[in-house]
Amino acid sequence: MGKLRKYLQVNSRLGRAILAEFIGTFHHGGKLLVSRSRYLRLSVPIPPFDLCGLGGSLNPAVTLVMCLQGAVQWPLFPFYTLANLAGAFAAAAVQYGVYYDALNSYDGGQRRTYGEKATASIFSTFPNSKISTLNCFFDQVFGTFILCGCILAMTDKRNMMPHKGLLPLAVGAIVFGIGTCWAYNCGYALNPARDLGPRIFTAIAGWGVEPFSFRNYNWFWVPIVGPMVGSFVSWLVYSFFVQNIPSRNPQEDSAFDDQVAGSCL
């Protein structure tokens, strides 16, 4: 077993980070709850504790704000994003296999995005029929703005940074709070990869083009663009209103910023 472990060891730090992003998104995105008579999407918001030491974001919107903050180098952004997409896609595929018979029993093998027995919303988000696409876009911008703003605050040593081991619980509590307050409009995606990866899978697995053509192709982009805009706005606001405040010890803060940036590469 020791030889096998050594053979499987990944020496590249970039490779380990990509694998962490993949398995973390798979772990996080794979938590779906399916009831017998009605299908509901429920992703447990607590990030995996086993990835805390690797600093995985599991979310391109969070990776973006970390790149803007200087904690993650920009060349890593596409690698992390592709790993997140692949992890979410794989999670959707596994859940589809786990609940294949249940799905067939519920919809008779007719995969639908609309109607009483629609099941596409198990895998990706769709808006409330009473809510406009523009309203949902601002919902996603604001929800991700709150999420990324809280993450910036929690990872800032000058702002009562919590213990490292409490960060997953803190992030989970924030996501749970956002979902409790703003899930009504469109299901609080907040994560472009978590939404797009399963949406691509459903298009391949029998739902056809409907997960993308929903509302005449005027929906699928909202859980992708909205969180990215919210992430950028969050960084702007935090940088101006919080980090722009003069520090008592600039040398210490500069050394800490360099340490954070180096530890995340």
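**Exercise 1. Work out which residues of helix H7 are buried in this predicted model, and what covers them.**

Start with the burial list: Leu167, Pro168, Val171, Gly172, Ile174, Val175, Ile178, Gly179, Asn185 and Cys186 of H7 are buried, taking under 20% relative accessible area as the cut-off. Next, look for the cover: helix H6, residues 133–154, is among the elements lying over those buried positions.

**Exercise 2. Check the geometry of H7: what is its span, and where is its kink?**

First, the span. H7 runs over residues 167–186, 20 residues in total, and goes 26 Å from first C-alpha to last, close to the expected 28 Å. Now the bend: a kink of about 50° is centred on Thr180.

**Exercise 3. Find the residues that touch the most other members of the largest nonpolar core, and trace the contacts of Ile151.**

Helices H3 (60–69), H4 (77–98), H6 and H7 each put in at least two residues. Zooming in on Ile151, its partners beyond four places in sequence are Val62, Met66 and Val171. There's also a second, separate core of 17 residues, including Ala120, Phe126, Cys136 and Phe137.

**Exercise 4. Compare the annotated transmembrane regions with the model.**

The unreviewed UniProt entry annotates 137–154, 166–185 and 219–241. Residues 137–154 come out 100% helix, with end C-alpha atoms 26 Å apart. Residues 219–241 are 87% helix and 0% strand, with their ends 33 Å apart by C-alpha.

Terms used: Residues are numbered from 1 along each chain as its sequence is written. This is a predicted model: local features need pLDDT of at least 70, side-chain atom pairs count only at pLDDT 80 or more; totals for chains, interfaces and linings use all residues. Side-chain values use heavy atoms; hydrogens and water are left out. UniProt positions are given in the numbering used here, feature names are shortened, and annotations may be inferred rather than shown by experiment. Helices (H or I, at least four residues) and strands (E, at least two) are DSSP runs, numbered from the N terminus. The expected span of a helix is 1.5 Å times one less than its number of residues. The bend at a residue is the angle between axes fitted to the seven residues ending there and the seven starting there. Buried means under 20% relative accessible area, exposed over 50%, partly exposed in between (1.4 Å probe, protein chains only). Contact means heavy atoms within 4.5 Å. A nonpolar core is a set of buried Ala, Val, Leu, Ile, Met, Phe, Trp, Tyr and Cys residues joined through side-chain atoms within 4.5 Å.
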